[in-house]
Amino acid sequence: MPDGAAAGTHSTEPWKRTRTQPYSVGEALTLARSHGVAIPDFLDFNVREDFVPKDAHASYSVLGRSKAGSVICWTDLLNRFGKIPIHLREDVLLSDEAVVAVFGHEAFELTRLSELFAANGGAMTVERLHSLISADVDGNVHSEAVAFADQLVRVMRGS
Amino acid sequence: MKSIDAILDYYDRGQVTRLEAVAALARLVTPDNVAEVMASLPEDWMKELRRWALTTPAQGGVILGANLTDAAAKKLAEQHCRAVQVIRDWLASEGKIQLTHASNA
């Protein structure tokens with residue numbers, strides 16, 4: 001099992017493999033919700049490994065190089081059905097802990113981002129978005145999501 | 001990375017956003033296949049990829065993507081740098097744009 005939403009991110013890793021066959025996304029959503037994850041309607045999880053960076057469990061909005069100072073809108077993060085596609089590695093769906101952690105991480109992060117976009121008129125600079133979701137910035141939304149996901153797993157373990 | 005048809009199918013099914021699809025299409029481009037890739041794309045996607053190449057910096061800028069490790073971000077940046085240059089050079093060779101300097105916006 002690779003680590004976290006991105007490699008080496010979560011202190012509760014490695015997550016225990018509990019399945020021989022992967023959960024469906026629907027089953028995983030039910031499991032995550034049963035462990036306290038609030039998943040907003042605007043998220044759409046899919047197993048799309050070719051859109052998940054190496055050493056990551058999940059991703060979204062892998063847009064690559066953008067011009068400094070350019071503005072990105074909340075609507076740029078949406079698919080043609082108005083949802084944010086979250087891409088998963090299939091092996092996330094082989095572990096109860098990974099499901100809860102990864103779905104919890106992404107749901108937390110995107111919920112916070114939606115609030116921040118809304119508070120800023122639905123747009124922000126690419127630098128601002130990068131600073132919010134980068135693993136290299138302490139105390140940002142991404143690191144809050146990591147802490148939230150780890151807490152969910154600790155509760156699952158009763159520790 | 002999948003083929004053009006696969007990427008466009010992912011978009012149609014809502015599995016990726018339009019910007020993600022364009023970024024993925026760009027990663028398919030090489031000096032050897034740029035004409036083929038551009039010719040294979042539906043017109044609206046060809047225009048979108050062209051716009052991407054003309055507005056994306058070949059150097060610098062910001063690398064966006066959730067859960068990108070440093071190595072993954074570097075690889076993606078390099079792929080996009082190459083794609084920007086290849087597409088701009090192809091557009092120039094086709095007389096579709098004039099470049100005063102091919103390597104930057």
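Which strand of chain A is joined to E1(B), and how many bridges do the joining? This is a predicted model, and in it three bridges link E1(B) to strand E3 of chain A, residues 64-66, with the two strands running antiparallel.

On the chain B side, E1 covers residues 62-64. Opposite B:Ile63 in that strand you'll find A:Arg65.

## How much gets buried

Put together, chain B and chain A bury about 3100 Å², and 59% of that sits on carbon and sulfur atoms. Three residues stand out on chain B: B:Val62, B:Leu64 and B:Asn67 account for 25% of the area chain B buries against chain A, more than any other three residues.

As for head count, 42 residues of chain A and 37 residues of chain B take part in the contact.

## Polar side of things

Polar contacts are another story: 20 residue pairs turn up across the interface, with both partners at pLDDT 80 or more.

## What chain B brings

Several elements of chain B each put at least two residues into the side that touches chain A: helices H1 (4-12), H2 (18-28), H4 (43-55) and H5 (70-93), along with strand E1 (62-64). H5(B) gives the largest share, seven residues.

Note on methods
Residues numbered from 1 in each chain as written. Chains lettered and ligands numbered in written order. Predicted model: local features only at pLDDT ≥ 70, side-chain atom pairs only at ≥ 80, totals over all residues. Heavy atoms only, no water. Contact = heavy atoms within 4.5 Å. Buried area = accessible area lost by both parts, 1.4 Å probe. Polar contact = N/O pair within 3.5 Å; in protein donor to acceptor, adjacent residues only side chain to side chain. Helix = DSSP H or I, 4+ residues; strand = E, 2+ residues; numbered from the N terminus. Pairing = 2+ DSSP bridges.
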